[in-house]
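Here are a few notes to read alongside the model. Have a look at it first, then come back to the points below.

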Amino acid sequence: MAGNPTPARTSGWRLQFRRVGHFARGFATSSPARFAILVFVTLVLIFTFLLSLPTASANGRGTHIADALFTAVSTICVTGLTTVDMATQWSPFGRTIIFLGVNIGGMGVLTLASILGLVISKRLGLRAKLIAAGDSNPLRAHGGPINEGQTVRLGEVGQLLRTVALSTLIIEAVVALMLYPALVMAGIDPVSALWEAPWYAAMSFTNTGFTPNPGGLTPFADDYFLLTVLMFSVFLGSVGFPVLYTLSRHYWHVSRWSLHAKLTLITTSILFVAGAFAFLALEFNNPRTFGGMDAWDTTFQAFFLSAMTRSGGFSVVNVGELHGSSLVVGSMLMFVGGGSASTAGGIKVTTLAVLALAVFSEARGRQSVEAFGRRIPSDVQRVALSVVAWGATIVSLATIIIAQITMAPIAEVLFDVISAFGTVGLSTGLTETLPDPAIYVMALTIFMGRIGTVTLAAAVAASSRSQLYSLPVERPIVG
């Protein structure tokens, strides 16, 4: 029959599919970092299309392309910033798409790329294993001797990937079970709470911060149990999968914790407490935020705000009503972010810890940087400096461009830009009023902050060549 494909045509299609599959397998294993970036770009485009469909919006008329793109980027990059009202804009179909998107994005760009590369290639090549191990410790993708005390060995990458998927499922399920009775007791309809509990669990563990109900968390401002559960879930998501992996294996044996895990937990705790005391001191007399609360409420909300500025994105008080000094503190916390290979963004707490240790060692006149009986090599310090410089460059350029487009107060622009770069999700209210050109700039800032400087460096390094010679030394004047 004329409609039946001929054997030659069938074999031709099979040959084309084989060529495409061969190219995909080669690309996934030879350049996993660039493959990871390609995966995220593809996901953003897919979710932009899905969110722009009429069935995704509550009014059935579709969503403006700029708003759909921004929401897709914010979803896949688990940021939480939005240009629309999340409580009223999306239909059940749209909310389902967003729910799936934050869980996909929450796995992390490198971990997600490693999983997809494994599916495509049926195996993880050595270079892909190095990059996947670099997700737990970015410097594992660099040359040089590898200490056996590193977070995850190459042979354990597969187990790490299983830990990522399993921990995400288990933690979100437990958090949802804890939140359901709290939501019902807070006045949420039991049927609505069946989907709001998993929603809040996903948005807290992935550090996204989208809220499904009008007013956000304001109706739950006095529900300390619910807010504490959200804080704990945000903490688990922000410390990073390698730390969870280490704790699951050596929970009670602190001496067996990796240096990465120790630096992450200690620095996170210091920032959490210091941020809370800073907000407490700066906002206790602000009648628009903490001024109308009693001592206990003020203290608790200060700690909650400190936890959320690290990357959580939830807020009980109106961030736009904070004092300028508090906005600066919040910007500093957001710029640092959470742990490496976590759902949090920012330059990461280990980057801050390494730089602080380097400054301390320099002040003491030591030749090497040491912590917990381990020496931190110089290439780690160079990467830390590069990460800070790259982050500061992105934030500066985005702030200048958006400030010029909107002519908004620079303090509000800077806060929202750092929130975008750190994939936090807190806003002074500026993001919702941005014109389309500024929306695209903010979306690009989110994307650059999420994929991370290490991923970009690995993608560029894949094509770099070794230099077999060195030039004469000359010391410029510094400082």
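**Notes on the model**

1. Thr 298 is buried, at 6% relative accessible area (buried is under 20%, exposed over 50%, partly exposed in between, with a 1.4 Å probe and protein chains only). Thr 298 sits in helix 13, residues 295-312 (helices are DSSP runs of H or I, at least four residues, numbered from the N terminus). Between Thr 298 and Phe 284 there are 6.8 Å from C-alpha to C-alpha, and the two are 14 residues apart in sequence.

2. A word on the source: this is a predicted model, where local features need pLDDT of at least 70 and side-chain atom pairs count only at pLDDT 80 or more, while totals for chains, interfaces and linings use all residues. Residues are numbered from 1 along each chain as its sequence is written, and side-chain values use heavy atoms, leaving out hydrogens and water.

3. Now take helix 11, residues 241-249: it is largely enclosed by the rest of the structure, because seven of its nine residues are buried. Among them are Phe 241, Pro 242, Val 243 and Leu 244.

4. Which residue lies in helix 10 (residues 224-239)? That's Phe 225, and Phe 225 is partly exposed, with a relative accessible area of 46%.

5. What is the class make-up of the lining of the second largest pocket? The lining has twelve nonpolar, 16 polar and two charged residues (nonpolar: Ala, Val, Leu, Ile, Met, Phe, Trp, Tyr, Cys and Pro; charged: Asp, Glu, Lys and Arg; polar: the others, Gly among them). A pocket here is an open set of points on a 1 Å grid over the protein atoms alone, where a 1.4 Å probe fits, with protein on both sides within 12 Å along at least five of seven lines; lining residues have an atom within 4 Å of a point.

Technical notes:
Helices (H or I, at least four residues) and strands (E, at least two) are DSSP runs, numbered from the N terminus.
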